[in-house]
Amino acid sequence: MPIGDMLFRSVDDSQINGVFPNTFNEYKKWDKEKDVLPPEEVYKALFEELAYGEKIQIGRALTRMNYSKSGWKSLIKTTSRQIKKAVKKDELPNNYKEFLISANEKWADPTFWYAMGQMVNNTTPIYYWNALDRTYDQDQNVVMQDEKRRIYIKTWIKTLKISVYVTIFCLILGFPVAHLLANLPLRYSNLLMIFVLLPFWTSLLVRTTAWIVMLQQNGVINGILVWLGILSDDGRLQLVYNETGTLIAMTQILLPFMILPLYSVMRVIPKSHMRAAQNLGAKPATAFWRVYLPQTIPGMSAGGLLVFVLAIGYFITPELVGGKDGKLIGHWIAYHLKTTLNWGLCAALGAILLGVMLIFYWLYNKIVGIDNIKLG
Amino acid sequence: MNDTSQSFVKFEKIDKSYDGEVLVVKNLNLDIAKGEFVTMLGPSGSGKTTTLMMLAGFETPTNGEIFLDTKPISKIPPYEREIGMVFQNYALFPHMTVEENLSFPLEVRKISKPDIKEKVQKALDMVELGNFGTRFPAQLSGGQQQRVALARALVFEPRLVLMDEPLGALDKNLREQMQYEIKHIHDRIGITVVYVTHDQSEALTMSNRIAVFNDGVVQQLSTPDILYEKPENSFVAKFIGENNTLNGVVREVNGSSCTVELDGGFGMVKALKINVNEVGEKTQLSIRPERVSIDNSISDSNNFSGKIEELIYLGDHIRARLDVCGNNEFIVKVPNEGSFNHKEGDELKLSWNSEDVRALDL
């Protein structure tokens with residue numbers, strides 16, 4: 001249900017249709033080939049709906065209108081004031097078109113009228129285009145945003161890149177740990193297991209801020225490196241508030257999600273398999289590569305998918321340690337949800353995120369087979 | 001066969017300890033001739049599997065040396081020993097088909113593709129699984145998996161095949177069938193086999209010779225018939241086949257025979273002197289159930305009587321549990337000839353030849 005609601009919101013445009021129903025109805029009759037500006041009826045409907053509409057509703061609609069083209073807000077506001085004045089004096093104009101154009105000359109600018117075309121339907125793809133740094137030009141073609149307003153594609157690529165890196169690092173670090181866990185005598189493996197699980201019992205915030213302490217320029221790691229003479233005092237590494245910091249902290253935080261599925265798969269691989277392979281003439285490396293590793297694929301893929309899916313939507317850690325460069329798409333979703341209140345864009349970003357995950361599931365199923373996932 | 005000069009596998013004074021304190025294998029000396037089928041038989045924890053693992057190269061002896069074809073092999077890693085092995089749970093690789101499992105040892109030896117194909121097919125035909133090459137191990141029954149494991153251990157023509165309780169996971173019928181099959185394959189290709197089991201009937205069925213292990217020591221190494229009929233100590237007597245025991249003290253030694261006074265004052269028994277030496281020594285007498293006669297006709301000196309505690313009808317024979325000389329677990333097998341008409345509680349007269357009673361250690 002929440003997902004359905006989100007998908008619905010990402011294309012929903014009915015709110016504005018509720019505010020300007022007649023205007024949009026008349027607008028649809030406008031023949032753009034024949035007339036440069038819309039017919040008189042459109043102006044009349046707009047006049048009436050601005051004059052008698054609810055102020056709050058109109059305010060909300062304005063926010064939406066500004067997504068299509070900036071300038072709507074001020075245009076409508078000044079016009080409204082004129083209309084209200086006229087209505088108060090009971091001086092309804094004879095020609096609405098002229099009245100509006102005299103109220104604000106932008107009403108003679110066809111680009112505003114074209115932009116209105118994006119809103120007349122109950123559904124709109126505009127949020128999706130926005131989420132991919134695209135918008136409509138005056139001829140209603142989908143084009144790229146201005147150079148300086150392009151943020152989402154860059155963030156999407158960064159999100160995917162960091163997620164892939166985090167997954168790979170988790171695999172590289174998690175595989176030996178899981179192997180040890182599965183093969184050490186119970187005494188040691190229990191202890192190791194506690195170390196693996198310890199992070200789960202610690203607040204995510206604590207761990208993230210701990211990383212800040214570790215990684216900052218005057219932090220533990222830089223301190224040790226300088227003390228050892230590996231770095232000079234003014235050559236301290238910038239390890240936090242950038243992509244590096246996000247990568248390091250996320251890898252550590254998501255590592256258990258890789259280790260546990262791997263461990264549960266490795267635990268049930270009989271030790272006799274490696275022996276059998278060696279007995280059959282394979283050197284230990286060959287035996288590992290051809291007999292052990294293929295059997296861990298279900299665990300690697302389960303862990304990999306888990307880490308990747310968690311990483312792609314991760315919020316708190318990149319928000320805290322990511323600084324300006326290390327922010328992922330989750331940041332923008334939260335930003336639009338809480339700050340700009342552009343829930344349509346927010347929902348579209350979320351829907352794309354969902355779509356990306358589904359694509360990965362699908363790819364995974366094609367390559368490895370979903371039946372191969374094993375968590376225990 | 002016991003001539004060390006022609007032994008193919010030779011264990012020389014092998015000790016093995018995992019923790020540096022307890023020896024799981026003690027001073028093991030064992031010679032196996034080429035083409036022989038030798039079984040290591042013993043209860044769990046007796047050191048038989050450890051011995052096998054040392055031969056395969058997965059464990060190293062603490063002391064002593066193992067020779068294969070007169071060469072010491074302790075320094076050779078398992079993957080260069082050219083020894084095939086069938087593991088307890090087969091250890092088939094689940095992500096490979098049967099064919100891939102069998103090709104594996106050939107591929108790592110860099111044998112050409114056509115040769116591999118031919119050898120794999122030959123090995124599969126040998127275990128009568130010619131059409132199962134493209135299946136995965138999980139799609140096979142236990143018996144079929146067992147055969148694949150066998151074929152895989154043989155396909156690269158190893159010098160020696162080791163089998164670690166390979167039939168343990170099969171049900172009884174299949175186990176017996178596989179025993180014959182393994183034996184036939186051994187007879188046909190003449191490969192040397194070292195087999196580990198805790199099942200004595202399996203050992204008796206298949207082996208040329210059996211080494212009975214207990215407590216890290218080989219108790220007796222003999223052919224199945226000698227092991228059964230002439231056990232050299234009470235462990236072997238009890239472990240192999242069914243066995244009646246009577247405890248007593250040696251009262252007289254006379255060459256290869258002795259006279260034993262039974263504990264509890266039940267009388268004197270004439271027996272073969274096996275591993276008792278002196279008068280006054282405690283001993284355990286061992287008599288096989290089928291060597292006890294239920295009349296007085298066969299013996300001059302060993303005549304006793306026993307009360308029937310339980311009778312079990314088994315078709316070809318009747319199994320009688322008696323109370324004889326204070327032992328109420330004394331078993332007698334009475335051939336079903338139609339003349340046995342005693343009931344539980346009856347007294348039976350018993351006798352046995354002194355050559356069938358063996359005075360062993362206690």
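## Briefing: a predicted model with chains A and B

K110(B) sits in the loop between α2 and α3 (113-126) of chain B; helices (H or I, at least four residues) and strands (E, at least two) are DSSP runs, numbered from the N terminus. K110(B) has a positive phi of about 55° although it is not a glycine. This is a predicted model, in which local features need pLDDT of at least 70 and side-chain atom pairs count only at pLDDT 80 or more, while totals for chains, interfaces and linings use all residues. Residues are numbered from 1 along each chain as its sequence is written, and chains are lettered from A and ligands numbered from 1 in the order in which they are written.

- Most residues other than glycine have a negative phi.
- The cut-offs: a residue is buried if 20 or more other C-beta atoms lie within 10 Å of its own, exposed if 12 or fewer, and partly exposed in between, with C-beta atoms placed from the backbone.
- A91(B) is another non-glycine with a positive phi, of about 50°, and it lies in the loop between β6 and α2 of chain B.
- Is A91(B) buried or exposed? A91(B) counts as buried because it has 25 C-beta neighbours inside 10 Å.
- Y90(B) is in the loop between β6 (83-86) and α2 (98-107) of chain B, and Y90(B) is buried, with 24 other C-beta atoms within 10 Å.
- Leaving aside neighbours within four places in sequence, Y90(B) is in contact with Q145(B), Q146(B) and A149(B). Contact here says that the C-beta atoms of two residues, placed from the backbone, lie within 7 Å.
- Y90(B) and I14(B) are 76 residues apart in sequence, and their C-alpha atoms are 27 Å apart in space.

**Chain B as a whole**

- Chain B has eight helices and 19 strands, and its C-alpha trace spans about 75 × 45 × 35 Å along the principal axes.
- Of the 362 residues in chain B, 40% are buried.
- Take the contacts in chain B with a separation of 6 or more: 64% of them are between residues 24 or more positions apart.

**The six-stranded sheet of chain B**

- Strands of a sheet pair through backbone hydrogen bonds, either parallel or antiparallel.
- Six strands of chain B form an open sheet in the order β6-β7-β8-β3-β9-β10, with mixed pairing. Two strands pair if DSSP finds at least two bridges between them.
- At the edges are β6 and β10 of chain B, each pairing on one side only.
- Neighbouring strands of this sheet are turned by 20° against each other on average, direction ignored; the axes are lines fitted to C-alpha atoms, for helices over the stretch in contact, and angles run from 0 to 180 degrees between N-to-C directions.
- β7 (residues 160-164) and β8 (residues 192-197) of chain B run parallel and are joined by five bridges, with L162(B) opposite V194(B) in β8(B).
- β9 (residues 209-214) and β10 (residues 217-222) of chain B run antiparallel, also with five bridges. I210(B) stands opposite S222(B) in β10(B).
- The hairpin of β9(B) and β10(B) has two residues between the strands, and D215(B) takes a positive phi near 55° there.

**The four-stranded sheet of chain B**

- This open sheet has antiparallel pairing and the order β2-β1-β4-β5 in chain B.
- β2 (23-33) and β5 (71-72) of chain B are the edge strands; each has a single partner strand, so one side of each is left without a neighbour in the sheet.
- β4 (residues 63-68) of chain B pairs with β5(B) over two bridges, and F67(B) stands opposite P72(B) in β5(B).

**Chain A and the interface**

- 15 residues of chain A are in contact with 18 residues of chain B.
- On chain A, α15 (272-279) and α16 (284-312) each supply at least two residues of the side that touches chain B. α15(A) gives the largest share, six residues.
- By class, that side of chain A has six nonpolar, seven polar and two charged residues. Ala, Val, Leu, Ile, Met, Phe, Trp, Tyr, Cys and Pro count as nonpolar, Asp, Glu, Lys and Arg as charged, and the others, Gly among them, as polar.

- The model scores ipTM 0.79 and pTM 0.77.
- Chain B has a mean pLDDT of 88, and 97% of its residues reach 70 or more; pLDDT is the predictor's confidence in each residue, from 0 to 100.
- Residues 1-5 of chain B stay under 50 in pLDDT. Where pLDDT is low, the predicted coordinates should not be read in detail.
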